[in-house]
Amino acid sequence: MTLTRTQGGPVPSPDGLYERLVEFEGKAAATAGTGKDPVNLPMIRHWCEAMGDAHPAYRGPDAVAPPTMLQAWTMGGLSGHTDRSSAYDELFALLDGAGYTSVVATDCEQEYLKPLRPGDQITFDTVIESVSALKTTKLGAGHFVTTRTDVRADGELAGTHRFRILKYAPAGRPRGPEHEARASGGGQGARAGGPQAQAQARRPRPVINRDNAGFWEGVAEHRLLIQRCGDCAVLRLPWLPGCADCGSGVWDTVEASGAGTVFSYVVMHHPPFPAFDPPYAVGLIELAEGVRMISNVVGVPYDKVRIGMPVRLEFLRVDEELKLPVFRAGEED
């Protein structure tokens with residue numbers, strides 16, 4: 001069943017889990033965190049190159065950082081942060097123990113209060129803002145966890161970043177320790193992530209809203225549509241409600257030719273997910289039209305993907321409901 005809140009407080013859950021989860025609301029997830037690097041031009045340049053953003057405000061002696069880099073200055077990298085609180089780990093351990101072992105990021109909200117400039121020293125505090133009642137989604141049932149990070153530059157509040165994830169039990173798989181015990185005692189196909197589980201699992205659904213619905217309608221028709229600003233004619237992908245260059249909300253679309261090259265790529269080994277079979281290559285594809293998008297590179301082994309490799313658009317039917325644009329590469333000479 002789905003549990004909800006009322007004006008009088010949370011609805012009691014039969015196992016008391018939700019009551020324990022909401023006790024974490026308001027607790028610190030990180031206190032007095034410190035950015036591993038001050039705001040700096042090399043990171044700004046790498047970000048702008050990856051995003052295809054050539055705005056002059058992000059270059060030169062008076063450069064500012066792109067506002068959407070707000071979270072980048074607080075990230076711990078592969079070595080992580082040492083300033084995370086025990087409350088955050090305890091919350092996730094509680095969810096894991098209840099069978100909500102999978103995680104997917106769902107959305108983020110950012111508020112910008114002042115521009116960040118090279119040399120700014122970044123500090124931050126993160127709080128567990130809310131934990132939702134049990135929700136049923138297409139991925140499976142779980143709880144949404146929202147954290148809020150206040151980012152400061154040289155001690156002055158520069159912005160706020162809210163990040164929301166779903167901790168869930170994948171649909172079609174029973175949750176709870178008793179299921180894990182049964183699965184671990186079965187054959188390879190019975191274990192989570194085994195071939196049988198992968199065959200039964202569904203790929204996550206894309207988040208479709210009023211700003212990107214036209215893109216997915218095009219995909220369903222085997223057309224990759226790129227937005228074009230109606231005022232300055234700049235192309236943009238992914239779709240946005242307004243132009244990042246001139247601010248115009250007027251736009252139309254052009255259809256991509258399908259030709260592209262691998263601008264960058266990663267090979268995914270971990271974490272495993274029932275709908276995927278790692279390792280596999282995920283590429284940042286530069287289309288012939290000059291915009292870039294992220295998608296799978298298919299047609300060659302994952303360890304044969306190379307930067308600069310020519311690729312061609314095709315549409316992959318994942319299941320009876322979902323098609324995805326992917327890029328096929330030819331065999332190397």
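**Cysteines and salt bridges**

So, C48: with a relative accessibility of 9%, it counts as buried (that means under 20% relative accessible area, with exposed over 50% and partly exposed in between, using a 1.4 Å probe and protein chains only). C229 is in no disulfide, and its nearest cysteine sulfur, on C246, sits 3.6 Å away; a disulfide here is a pair of cysteine sulfur atoms within 2.5 Å. C229 is buried too, at 3%. By that rule, we count 0 disulfides.

Quick word on the source: this is a predicted model, where local features need pLDDT of at least 70 and side-chain atom pairs count only at pLDDT 80 or more, while totals for chains, interfaces and linings use all residues. Residues are numbered from 1 along each chain as its sequence is written, and side-chain values use heavy atoms, leaving out hydrogens and water.

Now the charges. There are 18 salt bridges, each a side-chain nitrogen of Lys or Arg within 4 Å of a carboxyl oxygen of Asp or Glu. One of them joins R164 to D107, with the closest N and O atoms 2.3 Å apart. R164 is in strand 8 and D107 in strand 4, so this pair ties together parts 57 residues apart in sequence (strands are DSSP E runs of at least two residues, helices H or I runs of at least four, numbered from the N terminus). R164 is partly exposed at 21%, and D107 is partly exposed at 29%.

Then there's E321 with R202, at 2.9 Å.
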